[in-house]
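Biologist: Could you take me through the salt bridges in this one? I'd like a close look at which parts of the chain they link and how buried the partners are.

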Amino acid sequence: MADKYKQTNTNGLPAWNLNVAVVGGGLVGSLFALHLGKKGHEVDLYEYREDIRTAELVIGRSINLALSARGRKALAEVGLEDALLQHGIPMKGRMLHDLKGNRKFVPYDANTNQCIYSVGRKHLNEVLLDAAEKYPNIHLHFNKKLVRADLDEGNLNFINPLTEETHEAKADLVVGCDGAFSAVRKEIIKRSGYDFSQTYIEHGYLELCIPPTKEGEFAMPHNYLHIWPRGKFMMIALPNQDRTWTVTLFMPFANFRSIKCDQDLMRFFRENFPDAIDLIGQSRLIKDFFKTTPQSLVMIKCKPYNVGGKALIIGDAAHAMVPFYGQGMNAGFEDCSVLTELFNRYDSDVNRILVEFSETRWEDAHAICDLAMYNYVEMRDLVTKRSYLFRKKLDELLFWLMPNTWVPLYNSVSFSHMRYSSCIANRKWQDKILTRVLYCSSFIATVFVGVCSYKYGISQQFESFTGLFSKLLNLK
């Protein structure tokens, strides 16, 4: 590495500025570029699409984002948390809609009133890119699609999709932040011994929109995530800054295929989401539903995430997940925080940093992928069950009594920085405790009833005997 990059860190130890190529200028890529740029590294950020800040239409997923503690921490580390919270809309819990249009509020955290924030994907990406552009050592390159890479040598070949112009680059470190269908990961997969799984679920999603009222206000109470749980499928709505709602319908592709005309659609909504018809508007509902096709949902697990000390994948490139826990972005942002902590610990020893990140992070990534799948079942079905509501109330009570000991699963995932794998282990421990308490309570109750029955039986027999003896005396 060139001597001109050699510096001295706060511990007096040698440190070097790296030439880093970040592939993917989405949320995680632009944030990680900021984390690296803040540390003084030379960063080239390559994005295959045009600049989102000037694009009229953003192609790709537009599911609204739920910003929680992990994402907030990563934003705070580059000084952007407050700006995003001012834009975001706080959501205190779930607002459940039943078939009759009745609504039931279920808070995320009844004890401390913590909330998650609804933020727009495009706005967040624009803020991150604007911030990155202010760093003289961060260089933005748009319309650069990665077509070939020698990760061991750090050589990259790009092509402009519009002009077919080629571009070559070389970096000390290549970081793939290029999403679920990562071009960087495709290069890593070619290596022997690589673990990779890709799972599409049978459910897809389609987006609709609830407009503002005639007075320009929200059509529903806006500090909530609204959910229409219907067992095998569901619909959700998140508030936007312009008083609209992004509505997302999740259900099996077979159900989508069964809706072939306007009449089918209106019949389906009258049977399952009757109160949403007036909120969306019949004509808009029909137009929005048929103007696009349902999109797929994929979960990706893989390991390792690194190629020695030369290349790394993070975010969806490493652990794409279904969106039902609202942790996809937050997990990707947490990748940035974890890596920054490792950079602080090991300076620029990238081999040590990348190996440790890969060896420890995959377990947490797999854990949150599994939790996201589980939460779909919870949101579409379990939230209406008495057993679920009872367990939630019990968790809230125990959390209130023992805040440092009994942390509910949702709180640990969304409002703490506990490792995702530890969140699952903590939930299993809680289940084990409650099972034992239930068994002990059942045993004690059974013994109590038995003793009472026994005593009652003895007293009954004694009373019968004394009564008979009295009658014999009277006869005499």
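Modeller: Here's a walk through the salt bridges, pair by pair. Keep in mind that this is a predicted model. The count comes to 26 salt bridges, and I'll pick out a few.

Start with Arg70 and Glu334, whose side chains meet at 2.9 Å, N to O. Arg70 sits in helix α2 (residues 69-76) and Glu334 in helix α11 (residues 328-346), so this pair ties together parts that are 264 residues apart in sequence. Buried means under 20% relative accessible area. Arg70 counts as buried because its relative accessibility is 0%, and Glu334, at 9%, counts as buried too.

Next up is Arg391 with Asp431, a salt bridge of 2.8 Å, N to O. That one links helix α13, which holds Arg391, to helix α15, which holds Asp431, across 40 residues of sequence.

Arg419 lies in the loop between α14 (409-414) and α15 (420-475), while Glu363 lies in helix α12 (residues 350-380), 56 residues away. Both ends are partly exposed: Arg419 has 38% relative accessibility and Glu363 has 42%.

Some bridges also share partners: Asp51, Arg53, Asp130 and Glu133 are joined into one network that way.

Key:
Residues numbered from 1 in each chain as written. Predicted model: local features only at pLDDT ≥ 70, side-chain atom pairs only at ≥ 80, totals over all residues. Heavy atoms only, no water. Salt bridge = Lys/Arg side-chain N within 4 Å of Asp/Glu carboxyl O. Helix = DSSP H or I, 4+ residues; strand = E, 2+ residues; numbered from the N terminus. Buried < 20%, exposed > 50% of the residue type's maximum accessible area, 1.4 Å probe, protein only.
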